[in-house]
Amino acid sequence: MDIETFRTYCLSLAGTTEGMKWEHLCFMIEEKIFVLVDLDTQGFCIKCTPEEFEELAARDGVKQAPHFARKQWIFVDNLEVFGIAELKQRVEHSRELVLSKLPKKTQAKYN
């Protein structure tokens, strides 16, 4: 998947906005980041559960995301590490995890 297709996909998720933070492209819900992309390398960070972390971090091209909560965020080397279906599923899951930490009233807007 190329970066423009990835961007279009992320923005298609309800309530998603984009912005720049730390010279990286961010996709957010209610101003909370669920994907952070390095535009130079197309590497990106997404949220995962602590239970998923070990399995994901053991894969080639995936590791602990620097500067993010330990065992809750992964860094993926590029958009080709996961197949398209898995990439979309992981992005949606990251969004759901971030949304689940917001107030119930806010969550209700997107359910």
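Modeller: Two strands are taken to pair if DSSP finds at least two bridges between them. The model is a predicted one. By that criterion six strands form an open sheet with antiparallel pairing, in the order β1-β2-β3-β4-β6-β5. β1 and β5 (62-64) are the edge strands, each pairing on one side only. From one strand to the next the twist averages 30 degrees.

β1 (16-21) runs antiparallel to β2 (24-29), and six bridges join the two strands. One of these pairs T17 with M28 of β2. The two strands form a hairpin with two residues between them, and W22 in the turn has a positive phi of about 55 degrees.

β2 then pairs with β3 (32-37), again in the antiparallel sense, over five bridges. Here I29 stands opposite K32 of β3. Five of the six residues of β2 are buried, so this strand is largely enclosed by the rest of the structure.

The hairpin of β2 and β3 also has two residues between its strands. Most residues other than glycine have a negative phi. E30 is not a glycine, yet its phi is positive, at about 50 degrees. E31, also not a glycine, has a positive phi of about 65 degrees. As for accessibility, the cut-off for exposed is over 50% relative accessible area, and partly exposed lies between that and the buried limit of 20%. E30, at 31% relative accessibility, therefore counts as partly exposed, whereas E31 is exposed at 55%.

Further along the sheet, β4 (44-47) and β6 (73-76) run antiparallel and are joined by four bridges. In this pair I46 stands opposite I74 of β6. As for what lies against the sheet, α1 packs on it, touching β1, β2 and β3, and the direction of α1 makes about 130 degrees with that of β1.

The buried residues of α1 (3-12) are I3, F6, Y9 and C10. Seen down the helix axis they fall within an arc of 125 degrees, so they line one face of α1. An α-helix has 3.6 residues a turn, so residues three or four places apart point the same way. The buried residues of α1 pack against β1, β2, β3 and α3. The face turned away from the buried side carries the exposed residues T8 and S12. At the start of α1, a side-chain oxygen of D2 reaches to within 3.0 Å of the backbone nitrogen of E4.

In soluble globular proteins, nonpolar side chains tend to be buried together. The largest nonpolar core in this model has 35 residues, of which F6, V35, F44, I74, F82 and V91 touch the most other members. The elements giving two or more residues to this core are α1, β2, β3, β4, α2 (50-57), β6 and α3 (84-99). V91 shows how these parts meet: leaving aside neighbours within four places in sequence, V91 is in contact with F6, Y9, C10, L13, F34 and V35. Among those contacts of V91, F6, Y9 and C10 are also buried residues of α1.

Terms used: Residues are numbered from 1 along each chain as its sequence is written. This is a predicted model: local features need pLDDT of at least 70, side-chain atom pairs count only at pLDDT 80 or more; totals for chains, interfaces and linings use all residues. Side-chain values use heavy atoms; hydrogens and water are left out. A nonpolar core is a set of buried Ala, Val, Leu, Ile, Met, Phe, Trp, Tyr and Cys residues joined through side-chain atoms within 4.5 Å. Buried means under 20% relative accessible area, exposed over 50%, partly exposed in between (1.4 Å probe, protein chains only). Contact means heavy atoms within 4.5 Å. The arc is that of the directions from the helix axis to the C-beta atoms. A polar contact is a pair of N or O atoms within 3.5 Å; within protein, one must be able to donate a hydrogen and the other to accept it, and residues adjacent in sequence count only if both atoms are side-chain atoms. Axes are lines fitted to C-alpha atoms, for helices over the stretch in contact, and angles run from 0 to 180 degrees between N-to-C directions.
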